[in-house]
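The following paragraphs lead through one protein chain, from its overall make-up to selected contacts. Please keep the sequence and the model in view while reading.

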Amino acid sequence: MNSLYLTNQAQVKIEDVVFDKKLSIQINDFLDEYTHKEVLESYDLPVANKLFLYGQTGCGKTMTAKALASRLNKKIFVVNLSSIVSSRLGETAKNLSSLFKNVEHKKAVLFFDEFDSLGSMRDYDNNDTSEMKRVVNTILQLIDAFPKDSVLIGATNQIQLIDEALLRRFDVKMEFTTPPKDVLNGYYDKLLAKYPEEYRGIERQYDISFADAKNLVFTRVKKNIIASEENKK
């Protein structure tokens, strides 16, 4: 069972994740609801605990999930759904049920990456169609019964592949796009701040993801450091 998810993830602070204005508002609204969870529930008001993150690769979905777990002081289970779906089909529904049960006991964050692996299962054309439908129905039931003191987060780069019945189960949907220039500049500033000023001289690129920007900074800063060391010889 442990091979289906990862725990003991490196913590990410919410302050270290850069969001555009819309995402920042959504994240803050979610955290505010969770902070005031008890009083809201006393008025029979639902508190969002199922989030769906979608958009381009490398734009911060996984970092956001980890940062939210850290802020809420919850353990995070990072699940790659493709590994569950590609396992023996007869065990997929059983694996999912066991996974949800584990999270229920720990009051944790359950983060499903590559959610489209499950959402598109009904489109598969093979002899196991009935089993796949059973798996989709299983996860629909598990999501409906998901405990209120845990958080479920799904993520995908291909939201168009996901069954609408699954998407409707999520309270909040957050779109991650290529960051605009001002947001990316803030991210560059934050990354470069940890290095001495003499190594910060890089040519910034835009219309790229956060992941690409980070790789660019690491590559250029390393070159600057090596060039400086070579000049000392």
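A residue is called buried when its relative accessible area is under 20%, exposed when over 50%, and partly exposed in between, with a 1.4 Å probe and protein chains only. By this criterion, 46% of the 233 residues of the chain are buried. The model is predicted, so that local features need pLDDT of at least 70 and side-chain atom pairs count only at pLDDT 80 or more, whereas totals for chains, interfaces and linings use all residues. Residues are numbered from 1 along each chain as its sequence is written, and side-chain values use heavy atoms, with hydrogens and water left out.

The secondary structure comprises 10 helices and 6 strands; these elements are DSSP runs numbered from the N terminus, helices being H or I with at least four residues and strands E with at least two. Contact means heavy atoms within 4.5 Å. Among contacts between residues at least 6 apart in sequence, 76% join residues at least 24 apart.

The axes of α1 (residues 21–35) and α3 (residues 61–71) come within 12 Å and cross at roughly 30°. Such axes are lines fitted to C-alpha atoms, for helices over the stretch in contact, and the angles run from 0 to 180 degrees between N-to-C directions. Angles under 35 degrees count as roughly parallel, over 145 as roughly antiparallel, 65 to 115 as roughly perpendicular and the rest as oblique; α1 and α3 are therefore roughly parallel to each other. On the side of α1, the contact is made by Ile27, Phe30 and Leu31, and on the side of α3 by Thr64, Leu68 and Arg71.

The aromatic side chains come next. Rings of Phe, Tyr and Trp (its six-membered ring) pair if their centres lie within 6.5 Å; planes under 30 degrees apart count as stacked, over 60 as edge-to-face and the rest as tilted. The structure holds 9 aromatic pairs. In one of them, phenylalanine 100 and phenylalanine 146 have ring centres 5.8 Å apart and planes at 85°, so the pair is edge-to-face. Phenylalanine 100 belongs to helix α5 (residues 89–106) and phenylalanine 146 to the loop between α7 (129–144) and β5 (151–156), so the pair ties together parts that are 46 residues apart in sequence. Phenylalanine 100 is buried at 5% relative accessibility, and phenylalanine 146 is buried at 6%. Phenylalanine 112 and phenylalanine 115 form a tilted pair, 6.0 Å centre to centre with 55° between the planes, and both are buried. Ring pairs link Phe52, Phe100, Phe112, Phe115, Phe146 and Phe170 into a cluster.

Two loop residues complete the account. Lysine 107 is placed in the loop between α5 and β4 (109–113) and, at 46% relative accessibility, counts as partly exposed. Its C-alpha lies 7.1 Å from that of lysine 74, although the two are 33 residues apart in sequence. Not counting residues up to four places away in sequence, lysine 107 touches Lys74, Asp149 and Ser150.

Tyrosine 195 is found in the loop between α9 (181–192) and α10 (210–231). Is tyrosine 195 buried or exposed? At 18% relative accessibility, tyrosine 195 counts as buried. Leaving aside neighbours within four places in sequence, tyrosine 195 is in contact with Arg200, Val217, Phe218 and Val221.
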